[in-house]
Amino acid sequence: MGKICIENVQIVDPFYSSVKKQDIEIDTETPDTVEIDGTGKYVFPAFVDVHIHLRHPGYPEKETLESGAQAALHGGFAHVIAMANTKPVMAGEEISAFYEAANSLPIHAYTVSALTEGLRGKRLVDMADAARRGAVGFSDDGFPVADAALLEAAMEKAAALDLPISLHEEHPDFVHQAGIDSRYADLYALEGAEVYGEYALAARDLALAKKTGAKLDIQHISAEITARLVAAFGASGARVLGELTPHHMTMTAADVRAHGPMAKMNPPLRTAFDRDELAKLLKDPHLCVATDHAPHTKEEKARPFPKAPSGIVGLETAFCLLYTELVQKDVLSLYDLVDAMTRIPARFYRLPHKGILGGEFVLFDPAGTTEVTEDFFWGKGSNSPLLGQTLNGRIEGVMAKGVYHAF
């Protein structure tokens, strides 16, 4: 057994409400001893992402477990939760097969189960069976649950299992075309998606969560009002979490004009007001960062806008993007950003994060830079409107499962 020794490094650790400079020495599963001069650098707990698309099983041209794990490592993530919109849909025996395949990955990968059979919103899956197989929650991500009575029954079962339900909140009556805000959709002669479709459905589901005592995760929030609703219900004692994506906190619908399908996502980018307010609200203890990492092939994103799929990759650029746009512009403290990417999501989903001294950490150089090119990405997808940009800061390495990976 070897060691990794980092001298004179600044530690930011929300798990212990700690900010201090010290030397650290951690045992590794590899035989060598690695010594690093940490002067001017930071160590954080390894990042957590509760919403990604690993595309396994069924879409290896977009991503595989192996390529997704590499993307996660490159972005500083050691714990990730995959969504259920796979082929076949993630439920029952597919959950067991997922963990069997993911066991050898260099990161901790978990999966939710589908909430309803085939993601069709008609009949609940066997939720107790999914929990026994290791599902860390339930979600029909991409498909809102229209039937309030069915959702209430699901929340009652989830509360008994003490597992979260995570929901995509866009009322179908107000989504004429997904992927672009209705106020900007005339750019492509479309009607787009109405913003109130998000917060109207979110309000209903937050009320159901408050009533049932279920844990509810409102996914990839795009509207300032939705985030405020989550914060208000959380302050009232409801067990809720809201996901804020790096793209919704740093981009607007104007980026669709500049980047076309590369900036098409669901829910869509909104106004500058939404972007700015979401970024400020991230310090709320009921909100976290989740990337909604969604790799697609170059051919898919090259289609005309109405036919191109929604989604961008996010694992590898998340921290440096938010460090550049939020921390360095004094919108958010570094401590609050790290908290939103580590402690808050890990505790909501009860993930077994071992923390820095347990050997799960990120080494970050604030003086470095990150050039976002196609060659930069370790995952299969490079579908990002950030291509060609330079971000401040550089992730130098991450330790997970007893192994330090230097970049």
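Me: Leaving aside neighbours within four places in sequence, which residues is Glu316 in contact with?
Reply: This is a predicted model. In it, Glu316 contacts Ala71, His74, Gly75, Phe376, Phe377, Trp378 and Gly379. The C-alpha atoms of Glu316 and Phe377 are 7.0 Å apart, although 61 residues separate the two along the chain.

Me: Where is Glu316 found, and is Glu316 buried or exposed?
Reply: Glu316 belongs to the loop between helix H10 (298-301) and helix H11 (318-327). Buried means under 20% relative accessible area. Glu316 has 5% relative accessibility, and therefore counts as buried.

Me: How is Lys41 to be read by the cut-off for buried residues, and what does Lys41 touch?
Reply: Lys41 has 16% relative accessibility, so Lys41 is also classed as buried. Its place is the loop between strand S3 (33-37) and strand S4 (42-45). Not counting residues up to four places away in sequence, Lys41 touches Val9, Gln10, Leu363, Phe364, Asp365, Pro366 and Glu396.

Me: Which residues of helix H2 are buried, and why do they line one face of the helix?
Reply: In H2 (residues 93-102), the buried residues are Ile95, Phe98, Tyr99 and Ala102. Viewed down the axis of H2, these residues fall within an arc of 90 degrees, and so they line one face. Glu93 and Glu100, on the other side of H2, are exposed. The packing partners of the buried residues are helix H1 (65-75), strand S6 (77-82), strand S7 (108-111) and helix H3 (127-132).

Me: What is the angle at which the axes of helix H4 and helix H5 cross, and how is that pairing to be described?
Reply: The axes of H4 (residues 148-161) and H5 (residues 196-212) come within 10 Å and cross at roughly 40 degrees. Angles under 35 degrees count as roughly parallel; H4 and H5 are therefore oblique to each other. The crossing of H4 past H5 is right-handed. On the H4 side, Ala148, Leu151, Glu152, Met155, Glu156 and Ala159 take part, and they meet Arg204, Asp205, Leu208, Ala209, Lys211 and Thr212 of H5. By class, this contact has six nonpolar, one polar and five charged residues.

Me: How are H5 and helix H6 oriented to each other?
Reply: With axes that come within 9 Å and cross at roughly 10 degrees, H5 and H6 (residues 224-235) are therefore roughly parallel. H5 contributes Glu198, Tyr199, Ala202, Ala203, Leu206, Ala207 and Lys210, while H6 contributes Ile225, Thr226, Leu229, Val230 and Phe233. These residues divide into nine nonpolar, one polar and two charged.

Me: Which peptide bonds and phi values deserve a note in the backbone?
Reply: Most residues other than glycine have a negative phi, and most peptide bonds are trans. Here the peptide bond from His56 to Pro57 is cis, with omega near 0 degrees, and Pro57 lies in the loop between strand S5 (47-52) and H1. A cis bond also joins Asn266 and Pro267, with omega about 5 degrees. Arg55 has a positive phi near 60 degrees and is found in the loop between S5 and H1. At 11% relative accessibility, Arg55 counts as buried. Phi of Asp162 is positive as well, near 55 degrees; Asp162 is partly exposed, with a relative accessible area of 25%.

Notes:
Residues are numbered from 1 along each chain as its sequence is written. This is a predicted model: local features need pLDDT of at least 70, side-chain atom pairs count only at pLDDT 80 or more; totals for chains, interfaces and linings use all residues. Side-chain values use heavy atoms; hydrogens and water are left out. Buried means under 20% relative accessible area, exposed over 50%, partly exposed in between (1.4 Å probe, protein chains only). Helices (H or I, at least four residues) and strands (E, at least two) are DSSP runs, numbered from the N terminus. The arc is that of the directions from the helix axis to the C-beta atoms. Contact means heavy atoms within 4.5 Å. Axes are lines fitted to C-alpha atoms, for helices over the stretch in contact, and angles run from 0 to 180 degrees between N-to-C directions. Angles under 35 degrees count as roughly parallel, over 145 as roughly antiparallel, 65 to 115 as roughly perpendicular and the rest as oblique. A crossing is left-handed if the near helix is turned anticlockwise from the far one by less than a right angle, and right-handed if clockwise. Ala, Val, Leu, Ile, Met, Phe, Trp, Tyr, Cys and Pro count as nonpolar, Asp, Glu, Lys and Arg as charged, and the others, Gly among them, as polar.
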